[in-house]
Amino acid sequence: MDRSLTQMTGADLFVVRRTASAGAAADLAEGITLLRAVAAGDRPATLRLYRPEPTVAFGQRDTRLPGFPAAEEAARALGFEPLVRRAGGRAAAYHRGCLVIDHVEPQTDAVAGSRNRFSGFGELLASALRSVGVTAAVGEIPGEYCPGEYSVHGIGDDGRRVKLVGTAQRVVAGAWLFSSVIVVEDSAPIREVLTSSYAAMGLDWDPATAGAANDLVSGLTVGDVEDAVLAAYRRAGYGFEPSETSTAVQPSVS
């Protein structure tokens, strides 16, 4: 087993699988609500998986750029809702062809181990993609959108590398939230909206680095990758409590 995977907590996780979106803003807000509930002891450690509505999630730094209002309008014009997230770097885009994973755990000193979480979950998600035939590795690739040291990329038969997974985390007293977005299907709209949004903000990037897992493995679906992610969690030593499948945000975490 990869050394980074041995650093994972192996906690028992209550799994929440959302079969329908509550809306872009509500989906993003639910992650923070879950974080606070877990920190307060009102919920157990939780793993939430869902397919998001078309969204461009801007970083806090993006909002300070003169071109930010134009970037928001560019996103709306292409059918993506612009939101500002509380964690992460530059703008990232996702839609129903993506899988979002929110992993929330209680921890007394939640700041401790933040770097290990980036490396450990990066390798866990890369292993999930490898299990469905994607040649995947952890590491930033030159020119990628929302660049990160622990992004997960895929490698095509021609050697071209494309970003497939972006990760971010948020910490509060008593708990942490680790969020990941895997781009599985339909990469063209994501490339298009990022190209327009980054141009409006005056940010350089290489559109060729934006791709989807099924650009590399034909026929791969979000469902395939969701199953692979859960299997990767099991291999990393996590247990699953009875799961919840629902189409709406539950009242206890709304």
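**Cysteines, a buried leucine and the overall fold**

Cysteine 98 counts as buried, because its relative accessibility is 0% (buried means under 20% relative accessible area, exposed over 50%, and partly exposed in between, with a 1.4 Å probe and protein chains only). The structure described here is a predicted model, in which local features need pLDDT of at least 70 and side-chain atom pairs count only at pLDDT 80 or more, while totals for chains, interfaces and linings use all residues. Residues are numbered from 1 along each chain as its sequence is written, and side-chain values use heavy atoms, with hydrogens and water left out.

A disulfide is a covalent bond between the sulfur atoms of two cysteines. A search of the whole structure, which took a disulfide to be a pair of cysteine sulfur atoms within 2.5 Å, returned zero of them. For cysteine 98, the closest cysteine sulfur belongs to cysteine 146 and lies 13 Å away, so it is too far for a bond. Cysteine 146 likewise takes part in no disulfide. With 14% relative accessibility, cysteine 146 is also classed as buried. Its place is in the loop between strand E7 (136–138) and strand E8 (152–155); helices (H or I, at least four residues) and strands (E, at least two) are DSSP runs, numbered from the N terminus.

The backbone of this loop residue deserves a look too. Most residues other than glycine have a negative phi. In cysteine 146, however, phi is near 40°, a positive value in a residue other than glycine. Aspartate 186 is another such case, with phi near 60°. Aspartate 186 sits in the loop between strand E10 (175–183) and helix H4 (188–201), and at 45% relative accessibility it counts as partly exposed.

Turning to the chain as a whole, its secondary structure comprises six helices and 11 strands. The radius of gyration is 17 Å, close to the 18 Å that the globule rule gives for 254 residues, so the chain is as compact as a globular protein of that length (the radius is taken over C-alpha atoms, and the rule is 2.2 Å times the number of residues to the power 0.38). Along the principal axes, the C-alpha atoms fill a box of roughly 45 × 40 × 35 Å. Of the 254 residues, 52% are buried. Contacts (heavy atoms within 4.5 Å) were also examined by sequence separation: of those between residues at least 6 apart in sequence, 77% join residues at least 24 apart.

Leaving aside residues up to four places away in sequence, leucine 129 touches Val134, Ala136, Val152, Leu164, Val165, Ile182, Ala213 and Val225. The C-alpha atoms of leucine 129 and leucine 164 are separated by 9.4 Å, although the two residues are 35 residues apart along the chain.

At 19% relative accessibility, threonine 167 counts as buried. Its contacts, again not counting residues up to four places away in sequence, include Phe118, Leu125, Tyr150 and Phe178, together with Ser179 and Ser180.
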